[in-house]
Amino acid sequence: YLLDTAAARWNQRLGQRLGTIGLSFEQWSVLLVTAKRGPLNIRELSNATLVPHSTIGRWLTQMEADGLVKRRALPTDQRAVEISITPKGRSLFLRALPIARLEYESAIQEFAPEELEIFMTLLHRLRKNLFS
């Protein structure tokens, strides 16, 4: 419960800050994953963002209309689609990075460096346990 509410509040606060540049938290998550990992199919993007396939599909439709991402049918399978970030999407992502960094720093401001190191180690272990 504590982890869930902390993450939800963090995402809410980040979404509010990102709104100042016209970016939603949902769009941020898609841009972050596509900027860091490169082109992905919808299943991979859904898995990476932990958002259901149908929801991602709706987000992508709007983001493509806004010029933030592009979809491309794969030559090997016309039913499969690859999603990649556009130059406009990358530019918005780069504008959002300092905002996300400020929110991160706000969230960890009272952690001592050694506490933060332990916390990150534990989070990595928790994530590994949950995804294995």
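## The largest pocket

Helix α1 gives the most to the lining of the largest pocket, with nine residues, where helices (H or I, at least four residues) and strands (E, at least two) are DSSP runs numbered from the N terminus. This is a predicted model, in which local features need pLDDT of at least 70 and side-chain atom pairs count only at pLDDT 80 or more, while totals for chains, interfaces and linings use all residues. Residues are numbered from 1 along each chain as its sequence is written, and side-chain values use heavy atoms, with hydrogens and water left out.

The largest pocket has a volume of about 1,800 Å³. Of the 39 residues that line this pocket, the closest to its centre are A7, W10, N11, L123 and R127. Two or more lining residues come from each of α1 (2–19), α2 (25–37), α3 (42–49), α5 (87–108) and α6 (113–131). On a 1 Å grid over the protein atoms alone, a pocket is an open set of points where a 1.4 Å probe fits, with protein on both sides within 12 Å along at least five of seven lines, and lining residues have an atom within 4 Å of a point; grid points are joined across faces, edges and corners, and the volume is the space filled by probe spheres set on the points. The lining divides into 25 nonpolar, six polar and eight charged residues (Ala, Val, Leu, Ile, Met, Phe, Trp, Tyr, Cys and Pro count as nonpolar, Asp, Glu, Lys and Arg as charged, and the others, Gly among them, as polar).

## Overall layout

The protein has six helices and three strands, and from the N terminus on its elements run α-α-β-α-α-β-β-α-α. Its C-alpha atoms fill a box of roughly 50 × 35 × 25 Å, taken along the principal axes.

## Helices packed against α4

Helix α3 packs with helix α4 (residues 53–65) at an angle of about 105°, with their axes 9 Å apart; axes are lines fitted to C-alpha atoms, for helices over the stretch in contact, and angles run from 0 to 180 degrees between N-to-C directions. The two helices α3 and α4 are therefore roughly perpendicular to each other (a word that covers angles of 65 to 115 degrees). Their contact, meaning heavy atoms within 4.5 Å, is made by I42, R43, L45, S46 and T49 of α3 and by H53, I56 and L60 of α4.

Helix α2 also packs with α4, at an angle of about 90° and with the axes 11 Å apart, which makes α2 roughly perpendicular to α4. Here E26, Q27, S29, V30 and L31 in α2 meet I56, W59, L60 and M63 in α4, and the residues of this contact divide into six nonpolar, two polar and one charged.

## The paired strands

Strands β2 (residues 69–74) and β3 (residues 77–85) run antiparallel and are joined by six bridges, where two strands pair if DSSP finds at least two bridges between them. They form a hairpin with two residues between them, and A73 has V81 in β3 as its bridge partner.

Strand β1 (residues 40–41) also pairs with β3 in the antiparallel sense, over two bridges, and L40 stands opposite I83 in β3.

Key
Parallel < 35°, antiparallel > 145°, perpendicular 65-115°, else oblique.
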